[in-house]
Amino acid sequence: MIIDNAKIFIGPVMMLANFTATFLCLRPKRGMLFTIGALALYSAAVHFLIQLIARHIGIIDTFLAGFIAILFLPMNILLFRGQVFQKVFAFFMLYQLTGLLTALIEALLGLTIGYQNPYAQIVLLVLSLFLLGMYIAAALLFGRRFLERMFVDGRRGEWSVYSLCAVFSYILVLAVQWTMLNPGLYFALMLFILWNNGILCFTIINTHEKEAQAHNAETLLVQMNAMREQTEAEKKHQNDMEILRHDMRHEMGIIMELFRTGKAAEAEIVYANWQNSLSEKSPATYCRETLY
């Protein structure tokens with residue numbers, strides 16, 4: 001078909017957009033120049049492999065090209081920071097998004113001017129480049145912050161399931177070609193996949209934020225209980241000290257009165273009894289008071 005010629009040009013642009021979005025959304029483990037150089041060499045090797053495959057099977061269709069793109073997954077895991085399953089999830093989400101954008105344009109052409117229209121090729125090319133440009137701009141403005149909000153929780157079990165969902169939708173986008181369905185149904189299916197991916201991403205963010213809020217609430221509750229217990233203990237301590245001071249004033253008054261009246265022996269007995277009573281009844285309170 002006429003639009004196949006445009007798709008040959010769009011393919012490398014999609015790959016370049018994927019590389020750019022990956023750099024904008026993820027952080028390289030090493031320097032930027034090293035990462036770019038390693039990807040460039042690896043891309044040359046993959047391009048050489050593609051040429052070998054093309055010689056044996058002829059033109060590589062979109063489905064096969066999408067599977068060849070998976071060859072870049074190991075390099076993404078090696079070159080960028082983060083948990084393995086999180087990088088797998090980010091890879092398939094970013095790569096399938098470019099495929100979804102171009103697929104929606106193809107379906108839109110089929111619904112409007114038709115694939116055999118002489119202007120279909122230029123329209124597909126212009127609209128695809130425009131959407132890919134918007135995709136890169138969105139990755140530049142929001143990509144890294146969006147993924148960081150998603151990657152707050154790093155539990156491997158959950159991210160393995162999320163990654164499986166991303167892989168499934170990626171394969172579904174590749175497997176369903178616009179030639180298999182009428183344009184309207186194809187457009188609806190691609191839009192449905194795009195919508196589900198968006199719901200999945202926001203569900204992950206909301207789940208992690210709710211878990212973080214619940215954890216913060218539990219921590220705050222523990223802190224409040226500890227503060228309440230400390231406040232009650234301090235209040236009890238202050239009450240005990242008030243009683244102790246009152247008793248001290250009373251006992252000292254008695255002792256001073258005995259000394260004044262010349263009853264020193266009785267005063268010493270009262271003082272000794274008071275000391276014994278003090279050590280038996282409130283040693284912890286008295287010692288605690290001395291610490292402040």
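The model is predicted. Phenylalanine 23 is buried too, because its relative accessibility is 14% and the cut-off is under 20%.

A search of the whole structure turns up 10 aromatic pairs. In one of them, the ring centres of phenylalanine 23 and phenylalanine 80 lie 5.4 Å apart, with the planes at 75°, so the pair is edge-to-face. Phenylalanine 23 sits in helix α1 (residues 3-25), and phenylalanine 80 in the loop between α4 (73-79) and α5 (84-111), so the pair ties together parts 57 residues apart in sequence.

Next comes the pair of phenylalanine 92 and tyrosine 170. Their ring centres are 5.1 Å apart and their planes stand at 70°, so this pair is edge-to-face. It links distant parts of the chain: phenylalanine 92 belongs to helix α5, tyrosine 170 to helix α7, and 78 residues separate them. Phenylalanine 92 counts as buried at 5% relative accessibility. Tyrosine 170 is buried at 4%.

Now follow helix α7. Its 20 residues (156-175) should span 28 Å at 1.5 Å a residue, and the end C-alpha atoms are 28 Å apart, which agrees. Which residues of α7 are buried? They are Trp159, Tyr162, Ser163, Ala166, Ser169, Tyr170, Val173 and Leu174. These residues cover an arc of only 140° around the axis, so they lie on the same side of α7. Leu164 and Phe168, on the other side, are exposed.

Trp159 and Tyr162 form one cluster together with Phe89 and Phe151.

Terms used
Residues are numbered from 1 along each chain as its sequence is written. This is a predicted model: local features need pLDDT of at least 70, side-chain atom pairs count only at pLDDT 80 or more; totals for chains, interfaces and linings use all residues. Side-chain values use heavy atoms; hydrogens and water are left out. Helices (H or I, at least four residues) and strands (E, at least two) are DSSP runs, numbered from the N terminus. The expected span of a helix is 1.5 Å times one less than its number of residues. Buried means under 20% relative accessible area, exposed over 50%, partly exposed in between (1.4 Å probe, protein chains only). The arc is that of the directions from the helix axis to the C-beta atoms. Rings of Phe, Tyr and Trp (its six-membered ring) pair if their centres lie within 6.5 Å; planes under 30 degrees apart count as stacked, over 60 as edge-to-face and the rest as tilted.
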